[in-house]
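Student: Could you walk me through this protein, one piece at a time? I'd like to ask about things as we look.

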Amino acid sequence: MDQRVVESYKLAKEMYAQHGIDVDAALEQLANIKVSIHCWQGDDVQGFLFKDESLSGGIAVTGSYPGRARTADELRQDLEQALSLIPGKHKVNLHAIYADTDEQIDLDQLEPKHFASWVEWAKEQGLGLDFNPTCFSHPKADDGFTLSHPDEGIRKFWIDHCKASRTIAEYFGKETGQTCVTNFWVPDGYKDIPVDRLAPRQRLKQSLDEIFAQPIDPQYNIDAVESKLFGIGSESYVVGSHEFYMGYAIANNKALCLDAGHFHPTEVISNKISSVLMYIDQLLLHVSRPVRWDSDHVVIMDDELLDIARELVRGKLLDRTHIGLDFFDGSINHVAAWVIGTRNTIKALLRAMLEPVDQLREAELNKDYTSRLAITEEFKSYPFGAVWDYYCATAGVPVREDWLKQVKAYEQDVLLKRV
Ligand SMILES: C[C@H](O)[C@H](O)[C@@H](O)C(=O)CO
Ligand SMILES: [Mn+2]
């Protein structure tokens, strides 16, 4: 290992120790945190089942950076490349449209066997798998409704797809030995002001009740539900609102998914974590970055990311939180997007672990808000970067921006050859 990395680390460790912070213990804790890396950044949310369907559901990918994965093998190859540049052992989050099969199969007919290659790969790589039914980019979702659809036949199709998804998730959990988190998000909503807000919500509740009627051992699968304020084409009303799913999760013992881009533009999920975890057992995060709207930009080291990490660390809530990523930027190298967003998420957790929380809490309780602000601000320039570099070096991944060289080489050798 580069001796400068080791020396900087030692100096940093001493500085943190002066505030009672055990850096080695923080790194040990960090190494046990798994981030769920979303497969859909790798191919602009296209999937492999319906090559001719364009992305729908009120979400959008912009950009046409070359080299996106076209097959499951390519996607796995790209994920391996990204994972080789990210410290720690993590999970990969699949959507149903990423089934790896030659069969012409519809979503309601999916079975574990259609994901066998993913499971085999995950086992080889020592990765966990998470899952999502895909209730969009399909002709039966063209009018913007799925699980709350007024047509019984269409609603049943989506219920059957979600049931099939839970069976697949259970299989993931059994095979990998790591609990699969299955996230349910549906785009259902109206562009303009509806007359009846209640009936679609009653139908969505009924559908969810049917989907979850089959018990699954939580050792293998846990279900999460994800709300949204608005989407493109559902600006006036989304059936699965925050209140709807918060209530549903509490009443039915489900995990709640908070996506950073799914609320009012000035509303932040960091301020929701401590509230929702008072009433629900487990949380799923979709760490994302809204820029003026739910634009799903790559996660950067901004105030909100750090605040999310602080909430989890300070409240000792990491054990009850599944950290997933959700962004899709088609304007930059797809592998780099994963690396940037995931490294930032892990780095933010480290930064949060390297704060003098006890000291700050004491200042707060003593109404010494001057010290609270002063210390918080000074710690923003404490040498967390030296600790991060050491962590990357000991984990066998590139230090600082060195990873970019590898991504550029991969782009030349692999991605640009995909024509
Ligand atoms: C593709 C994902 O399931 C999707 O992004 C969903 O989680 C979401 O956030 C929709 O806005
Ligand atoms: Mn999301």
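Tutor: Helices (H or I, at least four residues) and strands (E, at least two) are DSSP runs, numbered from the N terminus. This is a predicted model, where local features need pLDDT of at least 70, side-chain atom pairs count only at pLDDT 80 or more, and totals for chains, interfaces and linings use all residues. Residues are numbered from 1 along each chain as its sequence is written, chains are lettered from A and ligands numbered from 1 in the order in which they are written, and side-chain values use heavy atoms, with hydrogens and water left out.

Student: Which residues of helix 7 are buried?

Tutor: Helix 7 covers residues 242–252. Its buried residues are covered by parts that include helix 6 (198–211), strand 6, strand 8 (255–259) and helix 8 (270–276), through contacts, meaning heavy atoms within 4.5 Å. The buried ones are His242, Phe244, Tyr245, Met246, Tyr248 and Ala249.

Student: Which residues are the protein donors of the manganese ion (ligand 2)?

Tutor: Donors are N, O and S atoms within 2.8 Å of the metal (3.2 Å for Na, K and Ca), and water is not among the atoms, so sites may look incomplete. In sequence, the donor residues here are spaced E-x32-D-x26-H-x39-D. They lie 2.1 to 2.2 Å from the ion, and they are Glu226, Asp259, His286 and Asp326.

Student: Why does the pair Glu226 and Asp326 tie together parts that are apart in sequence, and how many residues apart are they?

Tutor: Both Glu226 and Asp326 are buried. Glu226 lies in strand 6 (residues 221–226), while Asp326 is in the loop between strand 10 (321–325) and helix 10 (334–353), so the pair links parts whose separation in sequence is 100 residues.

Student: What geometry does the site of the manganese ion (ligand 2) have?

Tutor: Six donors count as octahedral if opposite donors are over 155 degrees apart and all others between 65 and 115. Ideal angles for six octahedral donors are 90 or 180 degrees. This site has 6 donor atoms with angles of 71 to 172 degrees, and it is octahedral.

Student: How much of the accessible area of ligand 1 does the protein cover?

Tutor: An oxygen atom of ligand 1 is 2.7 Å from an N or O atom in the side chain of His95, and a 2.7 Å distance also turns up between a ligand oxygen and an N or O atom in the side chain of Glu226. On its own, ligand 1 has 310 Å² of accessible area (Shrake-Rupley method, 1.4 Å probe). The protein's cover comes to 100%.

Student: Is Glu355 buried or exposed?

Tutor: Glu355 is found in the loop between helix 10 and helix 11 (357–365). Its side chain makes polar contacts (N or O pairs within 3.5 Å; within protein, one able to donate a hydrogen and the other to accept it, and sequence-adjacent residues counting only if both atoms are side-chain atoms). One is with the side chain of Arg310 at 2.9 Å, and another is with that of Arg314 at 2.8 Å. With a relative accessible area of 10%, Glu355 is buried.

Student: How far apart in space are Ser84 and Trp403?

Tutor: Ser84 lies in the loop between helix 3 (72–83) and strand 2 (91–95). In sequence, Ser84 and Trp403 are 319 residues apart. In space, C-alpha to C-alpha, the distance is 9.2 Å.

Conventions:
Tetrahedral: all angles 85-135°; square planar, octahedral: opposite > 155°, others 65-115°. Buried < 20%, exposed > 50% of the residue type's maximum accessible area, 1.4 Å probe, protein only.
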